[in-house]
Amino acid sequence: MPPTINITSPASNSNLTANSVWLNVSSDENAVCAYSLIGCTLFDVGGGCGGTVPRNMSTTGTTSHSQFVTDLSDTAFNQYNMFSVECADLASNSNRNSVKFHVDTQAPAIHKVRSVFVTNSSVRIKWAVSEPSNGTLEFGLNTSYGYTAVDQFYTYVHEFDLTGLQQGTAYHYRVRSSDYFGNENVSTDYIFTTSTSENFKQTIPANETTTINFSVVNVTLGVLAEGAVGDAEINISAGKDSPTNVSLNVNQLKYIDVKTTAELSSALTSVILKIYYTDSELSEANISESTLTIYWFNESLSDWIRLNTS
């Protein structure tokens with residue numbers, strides 16, 4: 001009768017977070033055991049298995065056998081490793097057993113962390129990871145954070161919509177992601193600042209320019225409508241972060257977001273927008289006054305377009 005073989009470690013379908021492991025085997029009689037290391041890729045995504053030539057375990061010949069295996073390669077989500085063990089007793093009766101396991105020593109890489117759609121009270125935080133991972137967002141008024149949002153799904157992209165924020169306030173945030181095997185990565189600290197908002201509501205006369213001063217956001221609008229609009233509403237927000245899902249790839253002084261009712265929008269003939277600034281704002285943004293330029297957001301192109309200043 002061939003010996004009965006039991007692989008005691010690693011455990012079947014275990015997840016190793018190191019590139020080495022003890023292979024421990026027991027047999028019900030004295031035997032000599034050899035092992036092979038095999039790497040496999042699941043067939044539904046293409047691939048197969050390939051392994052090493054069998055070699056005797058370093059401790060063998062009795063009923064207890066062991067081998068310390070090093071240089072194990074990390075496996076992707078569609079891969080696994082396998083130890084195949086064959087033991088032969090003194091009469092050359094042999095038997096085989098095997099065990100599957102995964103190796104993942106690397107935490108998911110975190111990239112493209114950004115805040116988008118920043119308003120006076122809300123924001124969307126997004127980031128991407130290099131492998132399926134869960135996501136945790138920590139945010140607050142300082143680097144102690146204090147608030148947490150969790151996405152338990154293992155995906156390549158995570159996003160959170162935060163609401164009920166204070167206007168004109170800087171918030172700190174960082175993100176965390178862990179893969180299936182518990183390897184976690186943590187981002188650096190990021191900051192977004194909610195915009196400052198101001199509302200206007202009054203009747204806009206027909207064919208007469210109405211100048212509206214928004215002192216809080218330091219903006220003036222000159223509005224000309226072809227027909228009178230009663231109780232016209234305009235909301236203006238000013239902030240350091242983009243109110244869209246795209247940010248300018250240049251130093252920004254401020255973003256201005258103007259919203260109005262459909263009735264007023266359809267009646268508008270022209271709008272003159274004046275944006276005021278101070279020397280300290282220019283210095284903080286590291287912008288020379290001679291290079292100031294206005295961009296507008298083209299929704300159909302989903303991009304910022306530079307206005308012709310000639």
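Analyst: A disulfide is taken here as a pair of cysteine sulfur atoms within 2.5 Å. This is a predicted model, in which local features need pLDDT of at least 70 and side-chain atom pairs count only at pLDDT 80 or more, while totals for chains, interfaces and linings use all residues. Residues are numbered from 1 along each chain as its sequence is written, and side-chain values use heavy atoms, with hydrogens and water left out.

The structure contains two disulfides, and when the bonded cysteines are numbered in sequence order, the pairing reads 1-4, 2-3. One of them joins Cys33 to Cys87, with 1.9 Å between the sulfur atoms. The torsion about the S-S bond of Cys33 and Cys87 is about 110 degrees, so this disulfide is right-handed. The pair links distant parts of the chain, 54 residues apart, since Cys33 lies in strand β4 (residues 32–41) and Cys87 in strand β8 (residues 79–88); strands are DSSP runs of E, at least two residues long, numbered from the N terminus. Both Cys33 and Cys87 are buried, a term that stands for under 20% relative accessible area, computed with a 1.4 Å probe on protein chains only.

The other disulfide is formed by Cys40 and Cys49, whose sulfur atoms are 1.9 Å apart. About the S-S bond of Cys40 and Cys49 the torsion is about 115 degrees, and therefore this disulfide is right-handed. Cys40 has a relative accessibility of 3%, which is why Cys40 counts as buried.

Terms used:
Helices (H or I, at least four residues) and strands (E, at least two) are DSSP runs, numbered from the N terminus. Buried means under 20% relative accessible area, exposed over 50%, partly exposed in between (1.4 Å probe, protein chains only).
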